[in-house]
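Hi,

Here is the structure I promised to pass on.

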Amino acid sequence: MAANFWASSHCKKLLDSDEVGHVLPADQERGLTAEDVKLIKIYLSSYIKNLAGHLKVRQRVVATAIAYFRRIYTRKSFTEFDPRLVAPTCLYLASKAEESTVAAKLLVFYMKKIPPEDKGFRYEIKDVLEMEMRLLEALDYYLVIYHPYRPLIQLLQDAGLSDIIVTVWSIVNDSYRTDLILMHPPFMIALACIYIGSVIKDKETRTWFEELRVDMNVIKNIAMEILDFYENYRNIPEERLNAAMAKLPQSYVNAVGD
Amino acid sequence: MVDPGNPRQRARPAWLQQYELVGKIGEGTYGLVYLARRQQPLHRGVRIAIKKFKQSKEGDGVSPTAIREIMLLRECIHDNIVKLVNVHINYVDMSLYLAFDYAEHDLYEIIRHHREKLSSPINQYTVKSLLWQILNGLNYLHSNWIIHRDLKPSNILVMGDGEEQGVVKIGDFGLARVHQAPLKPLCDNGVVVTIWYRAPELLLGAKHYTSAVDMWAVGCIFAELLTLKPLFQGIEDKNGQNPFQLDQLDKIFKTLGHPTADRWPTLLNLPFWQANRNLIQGRKYENPGLYSIVQQPAKSPAFDLLSKMLEYDPAKRISAAQALDHQYFRTEPLPGRNALVPGSPGEKVVHYPARPVDYSTDFDGSTAPPQSNTNLAPQQQQRGEHMMQVPAMHQPLHLPAIQRMPQNNMNNFSSVNQQGRRKEPDSGNQNYNNYQPLNKSRRM
């Protein structure tokens, strides 16, 4: 339901770690590895954020768009759906779902101005509009996504740590460079981000966490995943990324039919 | 599945062949609504209402209306909320089809039948059961931070024969929104709620509003169930964007008296209250007489509940949860699940009439002859061979959220307008006398 995470489709559809980050058979055939797929997803998550900056939409729209993007690729291969079209279309769809609609025309204008589209992949408005429908279908029409931002504010207040909100908020933003949003309830991600933030800012939170009676192992696993991103994927060497992107098809069949 | 002998079926996408089209039952700005029957073995013959959304004209893909409806109804599971059964896409013309459980009746038709055909009120058990179920569905929405924003009799569906007979389903979520943490002020969506059911804070230009706007609309619907007439039948000013609706406010003030800052402290902050000081503040409204209009004793539980729904101050207006707890629902007759059974043993069952179906329109709309928008009597039906044979006594069709097909025989309901003080400049407007404003204020 729209404001009750526990009754939501988002909650019911949370995935296990073996259901995300796997390489679909069609992608395996093209030689894409789990590492390639991870890089492509990180790269295009950043792309969504970048594009959103030009379109002046808020962080929640970005977060919803990335969640759509990542959810799609647990089901669809990169061979079938071009991530360079899927990513901006996810932003387009998320802008409608979050009541901040951006015009397709403007979206496509900026798509052509920033990488990767500036390097030859040219998609037009009609491609975005068609992909919008295919995404709706691929998402099985479930569009409501919960994010850690709201619980984050409440939890920080409760912990008396509102002064580190800026730090923790940006850690939450960075958590979207991973598939965590598909796997864990948003408040658990928020808690993991608070955990990391409190370590960085040297805040004592042990007692507070103990009183919450949440599974600290899960919190630590989430934190590890985010730290792994910071350590190993924050700056992806261009040649590694290019090598991964080069394995994508050079052209995509318009597989639309009925 | 495909019948090669039938060229029409051959041209249809596979998913459409799950359904046997009966005909068109409604039409809105976004597209058409069809009645169909399911073909799958387990559900054969089950009726489904299919709402077709065209691509938006502005070249902006799936309409935000369709997105809202899909997004919210995909999550809503409640007895008193219309059920979205399926969504389908036709890539050929880029249209989207939403398939809903079909509900035979709606309050617009039920009220009209009593007013025009039976000339008798709806029995008290039915009124109470309908109202209780509307509130029950609304309480579910509100507790999940969804505001419907377009409640009116035609959006309150009632199930026909079958296991769910007489069960209310709130339909048409095309304007519904989650308001827990809106990214933009709610007023950015433009004018909401059909004018007769629009809450005074909206009429006065409130920028932020709450689920209380839905409760005002329920109050208007409650009064209409009691009297069979729309309670505040103002004439809509259609000039410009979100014009000041003086006539609608005038109708409300005449019945409920003038709002005062005493009773409604935030009144003074509302833009239109300030800007139209001399227009509305200058008028004197005497003799507030809601109880005489609804013909309920001023001390009855029904009147008490109604007046709490029509409280001016949205902060004081009764909530859906509080209303469900009201004395009215604990006095006889108690509300029930099947609102359409007789109130007491021996009372006659009311048979509500069939909704008109246009049998000549195909799913793509393309085969519709020009006259197909009008109400076709059964003997005039042009049935394609692919169409279902409809029993002579077919049931009313219904469908969430659509504007009704124009009906030749729709009687105008004009008496209320004669009380209008102003001369209506737009008296040629065909909506002027109609029972229901045809033009929904629906802006994205």
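Predicted model: local features only at pLDDT ≥ 70, side-chain atom pairs only at ≥ 80, totals over all residues.

Residues are numbered from 1 along each chain as its sequence is written, chains are lettered from A and ligands numbered from 1 in the order in which they are written, and side-chain values use heavy atoms, with hydrogens and water left out.

Chain B has twelve helices and ten strands (DSSP runs numbered from the N terminus: H or I of at least four residues for helices, E of at least two for strands). Of its 444 residues, 59% are buried, meaning under 20% relative accessible area with a 1.4 Å probe, protein chains only. Take the contacts (heavy atoms within 4.5 Å) between residues at least 6 apart in sequence: 70% of them join residues at least 24 apart.

Now the lysines. UniProt, in an unreviewed entry, puts a "binding site" at B:K52; such annotations may be inferred rather than shown by experiment, and the positions follow the numbering used here, with feature names shortened. B:K52 sits in strand 3, residues 47-53, and counts as buried because its relative accessibility is 6%.

B:K51 is in strand 3 too, and at 1% relative accessibility B:K51 is buried as well. What does the side chain of B:K51 make a polar contact with? The partner is the side chain of B:E69, at 2.8 Å (a polar contact is a pair of N or O atoms within 3.5 Å; within protein, one must be able to donate a hydrogen and the other to accept it, and residues adjacent in sequence count only if both atoms are side-chain atoms).

Cheers

Conventions: Buried < 20%, exposed > 50% of the residue type's maximum accessible area, 1.4 Å probe, protein only.
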